[in-house]
Amino acid sequence: MMEKQQIPVIFYHTGNQEYLKIALEQCKKYNQTVILLGDSSNKEMAVKADCFWYPVENYDKKSQWKRFEQAYVGMSTNDYRFELNCFRRFFVIDEFIKELEIDKFIYLDSDILTYVNFSELDGLQKLDCGMSVPEEQSKYGWVANCGISLWNQKSVASFLEYCIDIYENHLELLEEKWNYHKENQVPGGICDMTLQYLWYKNDNTCRKVNLVDRENGLAGVMDFNVNLATNCYKEEYQMNRMVRIKKILIENGQSFLYDRNGNKVRVFAIHFLGPAKQHMKSYAYNRKLVLKDYLICYLKRIKAFVVR
């Protein structure tokens, strides 16, 4: 039997927030090689978590990034620099994996809790790319999530070439969606997830998998956003209504969600996006949510209502 390829896990983050520490430690429990592309503020955090650390600034000097930066046009109600930097991470990662001769890897956002050794997922070994793409989206949803994703050098290069080509030669494709947002006063617009969606749907050179689809051949799924009942399909999973996140079970080191019929579904990694970050410590250390957790969520809800 052929030995399984070890798939390293790469994080990209500047800053030393506690949730990054939790995410690194949790990932290292299950995976042999965990890498943080970071800054000086989080080097010690990575070392303490037994992860490899490399400085982001060493890997953002390629002419390809400069070419994209010059072509980029902000089309979002969000901050220009924020949206541009979301693209930058993939150009940095591209340079990094080439220098260290890493072919296949998992990329994780810094608000992910991991409950699997990605190298043990047989289905990933044969693929070039995997990301989360909800099948049911609004007309101009156009969203794919790479917060938990599989890449290799081929798929990263293909995605970056696609991004450059779109901004240099096909802006009208993005303007269609941006005009919808402006005309209907819908927040958001064009972001890296838009380009990820378009590349996922239109590229036919890479072998891909939809990581939120239960028919993905992996015997489990990745979580798109723990704040939503939607994963691949609308209202797919049960919610813990008190804290407004998916209902999660941690059992024997594995994590599960409950579908709408009450069936347990293996989930390999959970995306604690936005306000859900406050619960990462509880689930990382398998501590049940207590009254304090519910009270904090309740008070935040009241505050939001009063402000509104």
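**What stands behind the labels**

Analyst: Let's start with Tyr-72: its relative accessibility is 5%, and buried means under 20%, so Tyr-72 counts as buried. Bear in mind that this is a predicted model.

User: What makes Tyr-167 buried?

Analyst: Tyr-167 comes out at 3% relative accessibility. The cut-off is under 20%, so Tyr-167 counts as buried.

User: How many aromatic pairs are there, and why is the one between Tyr-72 and Tyr-167 called tilted?

Analyst: The count comes to 22 aromatic pairs. In the pair of Tyr-72 and Tyr-167, the ring centres are 5.2 Å apart with 45° between the planes. Rings pair if their centres lie within 6.5 Å, and planes under 30 degrees apart count as stacked, over 60 as edge-to-face and the rest as tilted. With 5.2 Å and 45°, the label is tilted.

User: What makes that a link between distant parts of the chain?

Analyst: Tyr-72 is in the loop between α3 and α4, while Tyr-167 is in helix α5, 95 residues apart. Both also belong to a cluster linked by ring pairs, along with Trp-65, Phe-68, Tyr-80, Phe-87 and Phe-91.

User: Which charged end sits over the ring of Trp-199?

Analyst: That of Lys-208, 5.0 Å from the ring centre. The distance limit is within 6 Å, and the charged end of Lys-277 sits over the ring of Tyr-19 at 5.1 Å.

User: Why is Arg-88 called buried?

Analyst: Arg-88, in helix α4, has 18% relative accessibility. Buried means under 20%, so Arg-88 counts as buried. Leaving aside neighbours within four places in sequence, Arg-88 is in contact with Tyr-12, Val-56, Asp-60 and Trp-65.

User: And Glu-95, buried or exposed?

Analyst: Glu-95 lies in helix α4 too. Its relative accessible area is 15%, and the cut-off is under 20%, so Glu-95 is buried. With neighbours within four places in sequence left aside, its contacts are Asn-58, Tyr-59, Asp-60, Lys-61 and Lys-62.

User: What about Ala-144, what is its relative accessibility?

Analyst: It's 0%, so Ala-144 counts as buried. Ala-144 is in the loop between β6 and β7. Not counting residues up to four places away in sequence, Ala-144 touches Met-131, Ser-132, Val-133, Met-193, Gln-196 and Tyr-197.

User: What makes helix α7 mostly covered?

Analyst: Eight of its 11 residues are buried. They are Asp-192, Thr-194, Leu-195, Gln-196, Tyr-197, Leu-198, Trp-199 and Tyr-200. These buried residues pack against several elements, including α4, β7, α5 and α6.

User: How do you know that the length of α6 agrees with its residue count?

Analyst: At 1.5 Å a residue, the 14 residues of α6 should span 20 Å, and the end C-alpha atoms are 20 Å apart, so the two agree. The buried residues of α6 are Leu-174, Lys-177, Trp-178 and His-181, and they pack against α5 and α7. Just after α6, Gln-185 takes a positive phi of about 55°.

User: Why is strand β2 called mostly covered?

Analyst: Five of its five residues are buried. Val-34, Leu-36 and Gly-38 point one way from β2 and Ile-35 and Leu-37 the other way. In a regular strand the side chains alternate between the two faces of the sheet, which is why neighbours point opposite ways.

User: What makes β1 and β2 a pair?

Analyst: DSSP has to find at least two bridges between two strands, and β1 and β2 have four, in the parallel sense. Val-9 stands opposite Val-34 in β2. Together with helix α1, the two strands make a right-handed β-α-β unit.

User: And which strand do four parallel bridges join to β2?

Analyst: That's β3, residues 52-55. Here Gly-38 has Pro-55 as its bridge partner in β3.

How values were computed:
Residues numbered from 1 in each chain as written. Predicted model: local features only at pLDDT ≥ 70, side-chain atom pairs only at ≥ 80, totals over all residues. Heavy atoms only, no water. Buried < 20%, exposed > 50% of the residue type's maximum accessible area, 1.4 Å probe, protein only. Contact = heavy atoms within 4.5 Å. Expected span 1.5 Å × (residues − 1). Right-handed = clockwise from strand over helix to strand, strands pointing away. Phe/Tyr/Trp six-rings, centres within 6.5 Å; stacked < 30°, edge-to-face > 60°. Lys NZ or Arg CZ within 6 Å of the ring centre and 35° of its normal.
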